[in-house]
Amino acid sequence: ALAAKALGEYYVDKKQYKSALVALEPVIAAQPQYADLQYLAGFSCEQLGIDETAITYYRGALTYNPDYQEAEDGLARTGATEQPQ
C-alpha cells in the first residue's frame, strides 16, 4: 500500500492520472481501508472527467476517515457534497 501511495502521488504530481489509477486501483480493490489511496484515485478520476467514479472514491475515503478534508473538498468540487444515507 505504501508503494502504491508513493507511485500514485508521483503520477498525480506529473499529471499522469491514468497511470496513477493503474497503480492505485488494484491495491484499493484488495485493501479499501486506505483512505489516502481512495482520495488519490478520486482526484485522478476527477481530473480525467470521470466524476461518478471520483465521487465513489471520495466517499470511500470518507468511510474510512470521516474527517478527510481533501475528500470533502473533492465531493464539493464534483457537486456531491452529501454522503449517501
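Me: Which residue forms a salt bridge with E9?
Reply: This is a predicted model, so local features need pLDDT of at least 70, side-chain atom pairs count only at pLDDT 80 or more, and totals for chains, interfaces and linings use all residues. Numbering runs from 1 along each chain as its sequence is written, and side-chain values use heavy atoms, with hydrogens and water left out. A salt bridge here is a side-chain nitrogen of Lys or Arg within 4 Å of a carboxyl oxygen of Asp or Glu. For E9, the closest N and O atoms are 3.9 Å apart, and the partner is K5.

Me: In which helix do E9 and K5 both lie?
Reply: Helices (H or I, at least four residues) and strands (E, at least two) are DSSP runs, numbered from the N terminus. E9 and K5 are four residues apart, about one turn of the helix. Their helix spans residues 2-13 and is α1.

Me: Is K5 buried or exposed, or does it fall in between?
Reply: Buried means under 20% relative accessible area, exposed over 50%, and partly exposed in between (1.4 Å probe, protein chains only). E9, at 33%, counts as partly exposed. K5 has a relative accessible area of 27%, so K5 is also partly exposed.

Me: Which residue forms a salt bridge with E46?
Reply: The closest N and O atoms of the pair are 2.8 Å apart. E46 lies in helix α3 and the partner in helix α5 (residues 69-78), so the bridge ties together parts that are 31 residues apart in sequence. The partner is R77.

Me: Which residues do salt bridges with shared partners join into one network?
Reply: The structure holds three salt bridges. Through shared partners, the network joins K5, E9 and D36.

Me: What pattern does the protein follow along the sequence?
Reply: The secondary structure comes to five helices and zero strands. Read along the sequence, the pattern is α-α-α-α-α.

Me: What is the radius of gyration of the protein?
Reply: The radius is taken over C-alpha atoms, and the globule rule is 2.2 Å times the number of residues to the power 0.38. For 85 residues, a compact globule would have a value near 12 Å, and the protein agrees with this. Along the principal axes, the C-alpha atoms fill a box of roughly 30 × 25 × 20 Å. The radius of gyration is 11 Å.

Me: Among contacts between residues at least 6 apart in sequence, what percentage join residues at least 24 apart?
Reply: Contact means heavy atoms within 4.5 Å. Buried residues make up 40% of the 85 residues. The percentage of those contacts that join residues at least 24 apart is 43%.

Me: Which residues does A35 touch, not counting residues up to four places away in sequence?
Reply: A35 is found in helix α3. At 9% relative accessibility, A35 counts as buried. The C-alpha atoms of A35 and E46, eleven residues apart along the chain, are separated by 16 Å. The residues that A35 touches are A61, Y64, N65 and Y68.

Me: What is the phi of K15 near?
Reply: Most residues other than glycine have a negative phi. K15 sits in the loop between α1 and α2 (17-30), and is exposed with a relative accessible area of 62%. Its phi is positive, near 60 degrees.

Me: How many Å apart in space are V22 and A76, C-alpha to C-alpha?
Reply: V22 is in helix α2. With a relative accessible area of 63%, V22 is exposed. V22 and A76 are 54 residues apart in sequence, and their distance in space is 25 Å.
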